Amino acid sequence: MTQSSKGQEWGTKLGVILAVSGSAVGLGNFLRFPGQAADNGGGAFMIPYFCALILLGIPIGWAEWTMGRYGGKKGLHSAPAILGAISSSRLMRYLGVIGVLIPLAISFYYTYIEAWCLSYAFHFATGGVGVEAGASIAQQTAAAKSFFTSATGAANNGVLSEGSIKTFLFWLAAFCVNIWLVYRGISAGIEKFCSIAMPTMALCALIVLIRVLTLGTPDPNHPDQNVINGLGYMWNPDWDYLTRAKTWMAAAGQIFFSLSVGFGVIINYASYMKRKSDVVLSGLTATSTNELFEVSFGGLITLTASFVFLGLHGTIAAVQGGTFGLGFTTLPVVFAHMGFLGTFIGAVWFFMLFLAAITSSISMYQPALAFFEEALGWSRRRCTALLVGICLVGSSMVMYFSKNAVFLNTLDNWVGTFLVFTLGALQLIAFSWFFGIDRGWEEAHQGARIRIPGFYKVVMKYVAPSFLIAVFAGFCWQNLGDWVRAVLADPVQMLAVGLVVVLTGLLVVCTWAGEIRWRELGLDIDGKKVEVE
Amino acid sequence: MTLLGWICMITSLSFVWALAGTCYYLMLHDPEPPIEEVHHLHSA
């Protein structure tokens, strides 16, 4: 078992790609993407979606991969240290704390959602979630909602005292697995697990996809509710949506969050690559894997299945119910209509979601663990204990303040959205402007088998930062005022923001301690030394 | 499903499959870089 970070490195090229893809492929690919597409012009949504992929997702990904490997060459693995070295700026080093804060704070609630998936998979495997096949759709939806409310403690605060102890146990199991995998290290833990989990996830998705595409017209009384029309609901284009700014923002947001850029994960993972590894091809392959899951499985399964059994109005209502509504309330109703195979398909589906979630959540713990080891110089065991302590506090608060998931949503708004945009912009600016696009270009191509097309220099320096800042500004304009007012009016939301502030303070102190330590060790944290290849 | 719906779906699927296929082909046909000594904090 790996006991320290000394000499950690990815074992194979495929290993790092599957780990980064695993980090990116999550619930959003299967549940958020189809809702966003159907809500924003169906097939027409794919035009802004692919534009955002080419102009935003791929270049930011390349920048992160390149910066990560550059930091790894200098023996640096955390976002603060790497951003400080890349930009030769102390301010950027401290702003890099966001790159540790984001994955750590998101892990507080993400592992809890992961526990829901595990709980649903377990219940489907052992008989279902109480949705009766013979009941009316209204009764089925009520039963599914009731199960969800009970499993997540959404009715009242205090999940541990509301009969939801089972969910707590599922969370505990998921959390222990996460910590164990991260503690085992990059190659022996994360890489080995993702190398098994990713193909398993693809197999599970394929089983569900085949079942959905062979549903035909299950109810002869509703001949219009068939697979082809279900696909049409998702893919028929409405070109009018292309003239709306909201559509373009939704596409940019989907690409941004789906690829896990701006999360502080890729920069950490890439820092464990070999010096001559191909970051250009690796970055593109990880991105393409995420797109494969999102478009092929997310785009064909969820809404098609919903349409076939619930019809147009039921599916529209499902999309309006958001990611959680679609995943945890609508789909159990859909599975109840699939006959004797329904519970099996339900178990496979939620197990797949669990795998998607766990490959993402381990990537959230790793950057924090690497940062504590690097900044404090403690043993891996001691840093893991610190990480567990912090996560227990954060996750306990998420689970205790479970009513309507207010605490969870507040963290998701401020950390999972606002700070992610901020870090994405900071990273791109650090790469293109502080480090310099020409230097970055040269660094990216070291060991690269394919060349990045020349126009990406302009994209990375001007287009992507402008695009990102414009989307971010639009997003703030639409949401920030409401969010601030909501925080000021609600003590639970204030507590969530307070937790983020305290955590930020802790990470800043660690960075300060790390700065002293790194200088004593003679590490090139200011990026002054030129690499001799 | 309209004709344009089919076109959108098939084009999108073809794009992501072609991109992923090309990337994995190139990656799996490229030799692994040699195992090397890397400079790490704890060895400093």
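**Helix packing and chain contacts in a predicted model**

Helices H2(A) and H11(A) run roughly antiparallel to each other, because their axes cross at roughly 170° and angles over 145 degrees count as roughly antiparallel. The model described here is a predicted one. In it, H2 spans residues 27-39 of chain A and H11 spans residues 245-258 of chain A, and the two axes come within 10 Å. On the H2(A) side, the meeting residues are Gly28(A), Asn29(A), Arg32(A), Phe33(A), Gln36(A) and Asp39(A), and on the H11(A) side they are Lys246(A), Ala250(A), Gly253(A), Gln254(A) and Ser258(A). By class, this contact holds two nonpolar, six polar and three charged residues.

Helix H3 (residues 46-73) and helix H19 (residues 455-489) of chain A have axes that come within 9 Å and cross at roughly 110°. H3(A) and H19(A) are therefore roughly perpendicular to each other. From H3(A), the residues Ala52(A), Ile54(A), Leu55(A), Leu56(A), Ile58(A), Pro59(A), Ile60(A), Trp62(A) and Ala63(A) take part, and they meet Tyr456(A), Val459(A), Met460(A), Ala464(A), Phe467(A) and Leu468(A) of H19(A). The contact of H3(A) with H19(A) is made of 15 nonpolar residues, with no polar and no charged ones.

Attention now turns to charged pairs. Side chains of opposite charge can pair when their charged atoms come close. Over all chains, the search finds 10 salt bridges. One of them joins the side chains of Lys74(A) and Asp524(A), with 2.5 Å from N to O. Lys74(A) sits in the loop between H3 and helix H4 (79-87) of chain A, while Asp524(A) belongs to the segment after helix H20 (491-520) of chain A, so this pair ties together parts that are 450 residues apart in sequence.

Finally, the two chains can be viewed together. Their contact takes 53 residues from chain A and 33 residues from chain B. Between them the chains bury about 3,800 Å², with 70% of this area on carbon and sulfur atoms. The side of chain B that touches chain A comprises 22 nonpolar, eight polar and three charged residues. Across this interface there are zero salt bridges by the rule applied, whereas six residue pairs are found in polar contact.

Key
Residues are numbered from 1 along each chain as its sequence is written. Chains are lettered from A and ligands numbered from 1 in the order in which they are written. This is a predicted model: local features need pLDDT of at least 70, side-chain atom pairs count only at pLDDT 80 or more; totals for chains, interfaces and linings use all residues. Side-chain values use heavy atoms; hydrogens and water are left out. Axes are lines fitted to C-alpha atoms, for helices over the stretch in contact, and angles run from 0 to 180 degrees between N-to-C directions. Helices (H or I, at least four residues) and strands (E, at least two) are DSSP runs, numbered from the N terminus. Angles under 35 degrees count as roughly parallel, over 145 as roughly antiparallel, 65 to 115 as roughly perpendicular and the rest as oblique. Contact means heavy atoms within 4.5 Å. Ala, Val, Leu, Ile, Met, Phe, Trp, Tyr, Cys and Pro count as nonpolar, Asp, Glu, Lys and Arg as charged, and the others, Gly among them, as polar. Buried area is the accessible area (1.4 Å probe) that two parts lose on being put together, summed over both. A salt bridge is a side-chain nitrogen of Lys or Arg within 4 Å of a carboxyl oxygen of Asp or Glu. A polar contact is a pair of N or O atoms within 3.5 Å; within protein, one must be able to donate a hydrogen and the other to accept it, and residues adjacent in sequence count only if both atoms are side-chain atoms.
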